[in-house]
Amino acid sequence: MKIAIIGAGPAGYVAALKAAKLGMSVTLVEKAQLGGTCLNRGCIPTKSLLQAASVYNTIKKESAEWGITVPDVSVDFNGVYAKKAAIVEQLQKGIAMLLNNAGVEVISGTAKVLPNKIVRVEETETEIKADKILICTGSQTARLPIEGIEYALSSDDVLARPVEAEKVAIIGGGVIGVEFAQMLTRFGCEVCIYEFQNALVAMMDTDVSKQLAIQLKKLGVKLQLQAAVSKITPKDGGFEVEASVKEKPHTAHYDKVIACVGRKPFRDGVLADGVEPDDDIKFAGDAAGGIQLAHYASAQATNIVEEWASEKVTFNLNLVPQCIYTSPEVASVGKREQDCVADEIKIGMYRINGNGKALIMGENSGFVKTIFSAATGKLIGAHIVAPHATDIIGEMAIAISKGLTASEIGSVIHAHPTVSESICESIIQITN
């Protein structure tokens, strides 16, 4: 079977490796860099900058608590961004090596799907005849219909070069918005988030949204919730932001404005006239719409390839962990409390200020929240605000997927001192 894949992001390159492993002949076309949005303009660069901000914050503001004094601490943003670029480059080389070792043909260029399942590379007019075509063209920055929105920086802009500003407005209190807010605040900026809804990261469990708001406020981030930004105007070397906040007029001045209102599928020009998706031509990852997460994209693309090979699919696409890399980290999987009827569930809650490892790490706010079905006793949801939450959530995803009960989870010995032992603490009230 000959498969052509367009786009070498987390969906495309993972699908290519899987297809090659299943014995398919694979051609992968990518117009930019290997790794897609996640590696080049998303997950990895963001986490690198967050780590740099965390190191700076630890040295400047927290080290004295441990008896360590470091005078004259400063930030070399050229060095910060050089480190980010080095990490990205190393991972790009890793992907290239994997594809090469798997025998995947990689072609650089812009691809278009023509009738009769032909993929043409526009720059060279090379044509690839395929049995199956997987389109993994990713996403692009979304823009709200706000007057003057062209003056706002996008997430791509922030990840490409330092934000030189003392006072910054962030439009959007989703995952990207809150991560940027913490990063910039720790680097010394004054930050205000404008969020249209009445909660940050509104797609998360309500307790998570509330805790994250508390944490950001402690850090000094200002929050304007139920805020509809209507206009951005250049003024006095910066920008004036006009908004309606809880239905009241609001105006403030900032050095820079960053729009973090998410991303939308990128499909421009990929399908020739008359070509439509079908059983042999499919979209995967961000380009397919729906959940925009790298690990979901990889899983979805893998399942499609396995279906084409008449194999049993590997991944349950209805159980997807979500992570936010603030400090403390945030991670969720399964049902939220607001998705459930109160008398149908039992909830375990453990505050992280009782966890020795978290306190050693200087974290005294957060929780582990577990949600169980009252009828079956099985775990159906888990929500964590704590150090290493994004690492721990995998354990909870496994527990949900295997239908484990509170007593079954609690019977597993967790090492001490670790943050993960908070899982057992959260279910004590369920098992007793």
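**Close-up views of a predicted model**

View 1. Strand E1 (residues 2-6) is largely enclosed by the rest of the structure, because five of its five residues are buried. The model shown here and in the other views is predicted. Lys 2, Ala 4 and Ile 6 point one way from E1, whereas Ile 3 and Ile 5 point the other way; all are buried. In a regular strand, side chains alternate between the two faces of the sheet. Strand E2 (residues 25-30) runs parallel to E1 and is joined to it by five bridges. Within E2, Thr 27 is the bridge partner of Ala 4.

View 2. Asp 286 is located in the loop between strand E17 (281-283) and helix H8 (294-308). Although buried, Asp 286 has no salt bridge; the nearest side chain of opposite charge, that of Arg 263, is 5.1 Å away, and a salt bridge requires the charged atoms to lie within 4 Å. The side chain of Asp 286 does make a polar contact, at 3.0 Å, with the side chain of Ser 139. Leaving aside residues up to four places away in sequence, Asp 286 touches Gly 138, Ser 139, Pro 265, Ile 291, Gln 292 and Leu 293.

View 3. Cys 260 counts as buried, with 6% relative accessibility. Cys 38 is also buried, with a relative accessible area of 16%.

Terms used. Residues numbered from 1 in each chain as written. Predicted model: local features only at pLDDT ≥ 70, side-chain atom pairs only at ≥ 80, totals over all residues. Heavy atoms only, no water. Buried < 20%, exposed > 50% of the residue type's maximum accessible area, 1.4 Å probe, protein only. Helix = DSSP H or I, 4+ residues; strand = E, 2+ residues; numbered from the N terminus. Lys, Arg positive; Asp, Glu negative; His and termini not counted. Polar contact = N/O pair within 3.5 Å; in protein donor to acceptor, adjacent residues only side chain to side chain. Contact = heavy atoms within 4.5 Å. Pairing = 2+ DSSP bridges.
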